[in-house]
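Q: I am new to this structure. Could you take me through how to read it, one feature at a time?

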Amino acid sequence: MTVQGLFSARANASAQAYAIPRIAVIGRGFSGMMMAIALMKTVRTPFHLQLFDPNSSVSGGQALASGHSSEILNSRVRDLSVSAGDPDDFNDWLCSNATFRSAVPAAIPGFLQIFVPKSIFSDYVYQRFSEALSSRRDITVQVSGETVTGLCRSHGDRFMVESAGAANPPFDTVILATGYGIADHEPQSGEPVATPTTVRARRLVSRPHTVLLGSGLRVVDRLLQMRDNGYDGQITIVSRHGFLPQSHTRSNADPVFPAEAMPGSLSDIVRFIRRACENAEANGQSWQSVMNGLRKHARSLWRSLPAGQKQQFNRHLRALYDSHRNRLPEALYVRLKQELAEGNTLSRRGQFLRRTPTGLMLKPAGQQGVEQIYADEVIDCRCQEPDLDTPLMWSLIEAGLATPDELGLGLAVEATGALSVDGQATEGLFAIGPLGLGSLPDIDLVPEIVTQAYAAADGVAARFYPQCKAV
């Protein structure tokens, strides 16, 4: 499917697509759509944009009427604008929607401090994408439902994108926006499925039991959705370290951080941050404010650590850090704590080994033995690292176009998203969002992805249109 602006004649679309620079974005999740918006707003002369994703639909998400869904978006409205230089854009969009205004009361001047479901944010992102496209009659956008299997150089500084579909002409710029991979939540072949009918039958003899794998926001999402849908069985959350998301503050938590220089070793840094949190709370502030302030220092701090200490952080501290940076809205955190306090939901710490026909095998933390946990259903809510063994990633690494980061969490990238090999940027290749998590802490969060997308778009504009300036 190809769209040229929204009002231009289609007759010249094919000719223009070959005569003007061609840009490929691989992935149409938030990172991919944000990249498309940034390109359309930043690159002010004609180009052809091709979006690759095997998901055949581009949707605005669920209707705004689903505003009471428990799907969690853990950033406040104030931090979710996709418009460069206009941090209030998402708030303004919500204020202009009469349905949302009538359903959700908010304090003047709007909704800046509230949390909204993912479906509403999705509607906002796709509307801004549509508006950016409708304002650009000079570009063409093509959506390809193909799985990209390889990428290589061709014709000098251009790139060939290999897929199972028809051959694609070379691209001048390729942007990877594939996320970091979400584990399949569907039961594998042969696994028991707890349908509503079987659940009712089992209640006559035993309480139904579901195991959720993971420790992040997706676990809490699934837990609360199950309860909202009437599931009253036992739920066990299984994770390696046992750290569940902490709570946001009820009101605004403006960033604060000590002015003195941080120490150089990882253990001293941890003690420094703990003291900062204690001092903040003693002064009537919150530890959340300190963690928000830490985000401004995270990248420079990460770059200063030796490789060994980065490995140590990844093994022992990342789960704890993630539980404090990926926080829950207070109301949902209260529900989670109530679940755990009442015993309706249990949290088990240990290593998940494998599924079985009747549940799973677990190696509990601190024990040598292995335990069989019986469950009607096992749902994987873990957030997986990028799979560097896929054909696409292998093609990049083998061609010398990309290299794994030093922790093997993803690809080495610069702050702009440019792929980096031996400290040098690979011209014309970018990786936006969670693919760069090993190089850029917090790049899996919406505000950081937005900033990176516009930085990458500036790089594209400067490369092909040095006389043009971003707007």
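Q: Which residue just after H14 takes a positive phi?
A: Gly-400 does, and its phi is about 75°. Helices here (H or I, at least four residues) and strands (E, at least two) are DSSP runs, numbered from the N terminus.

Q: What should I know about the model before going on?
A: This is a predicted model, where local features need pLDDT of at least 70, side-chain atom pairs count only at pLDDT 80 or more, and totals for chains, interfaces and linings use all residues. Residues are numbered from 1 along each chain as its sequence is written, and side-chain values use heavy atoms, with hydrogens and water left out.

Q: How many helices and strands are in the protein chain?
A: The protein chain has 15 helices and 15 strands.

Q: What percentage of the residues of the protein chain count as buried?
A: Buried means under 20% relative accessible area, exposed means over 50%, and partly exposed lies in between (1.4 Å probe, protein chains only). Of the 471 residues in the protein chain, 49% are buried.

Q: What percentage of contacts between residues at least 6 apart in sequence join residues at least 24 apart?
A: A contact means heavy atoms within 4.5 Å. Of those contacts in the protein chain, 71% join residues at least 24 apart.

Q: Where are Asp-422 and Asp-442 found?
A: Both are in loops. Asp-422 is between strand E14 (418-421) and strand E15 (424-431). Asp-442 is between E15 and helix H15 (446-464).

Q: Is Asp-422 buried or exposed, and is Asp-442 buried or exposed?
A: Asp-422 is exposed, at 76% relative accessibility. Asp-442 is buried, with a relative accessible area of 2%.

Q: Which residues of helix H14 are buried?
A: In H14 (residues 391-398), they are Leu-392, Met-393, Ser-395 and Leu-396. To see how they are arranged, look down the axis. The arc is that of the directions from the helix axis to the C-beta atoms. The buried residues of H14 fall within an arc of 160°, so they line one face of the helix. Pro-391 and Glu-398 are exposed on the other side.

Q: What do the buried residues of H14 pack against?
A: They pack against strand E2 (22-26), strand E5 (148-154), strand E7 (173-176) and E15.

Q: Which residues of helix H11 are buried?
A: In H11 (residues 307-316), Gln-309, Lys-310 and Phe-313 are buried. They cover an arc of only 105° around the axis, which puts them on the same side of H11. What covers them includes helix H8 (266-282), helix H10 (298-304) and helix H12 (318-325).

Q: At what angle do the axes of H2 and H5 cross?
A: Axes are lines fitted to C-alpha atoms, for helices over the stretch in contact, and angles run from 0 to 180 degrees between N-to-C directions. Under 35 degrees counts as roughly parallel, over 145 as roughly antiparallel, 65 to 115 as roughly perpendicular, and the rest as oblique. The axes of H2 (residues 30-42) and H5 (residues 118-134) come within 9 Å and cross at roughly 30°. The two helices are therefore roughly parallel.

Q: Which residues make the contact of H2 with H5?
A: H2 brings Phe-30, Met-33, Ala-36, Ile-37 and Met-40. H5 brings Phe-121, Val-125, Tyr-126, Arg-128, Phe-129, Ala-132 and Leu-133.

Q: At what angle do the axes of H7 and H13 cross?
A: The axes of H7 (residues 217-228) and H13 (residues 330-342) cross at roughly 75° and come within 11 Å. That makes H7 roughly perpendicular to H13. Val-220, Leu-223, Leu-224, Arg-227 and Asp-228 in H7 meet Leu-332, Arg-335, Leu-336 and Glu-339 in H13.

Q: Is His-248 buried or exposed?
A: His-248 is buried, with a relative accessible area of 9%. It lies in the loop between E9 and H8.

Q: How many residues apart in sequence are His-248 and Asn-74?
A: They are 174 residues apart in sequence and 8.5 Å apart in space, C-alpha to C-alpha. Leaving aside neighbours within four places in sequence, His-248 is in contact with residues including Asn-74, Arg-76 and Phe-115.
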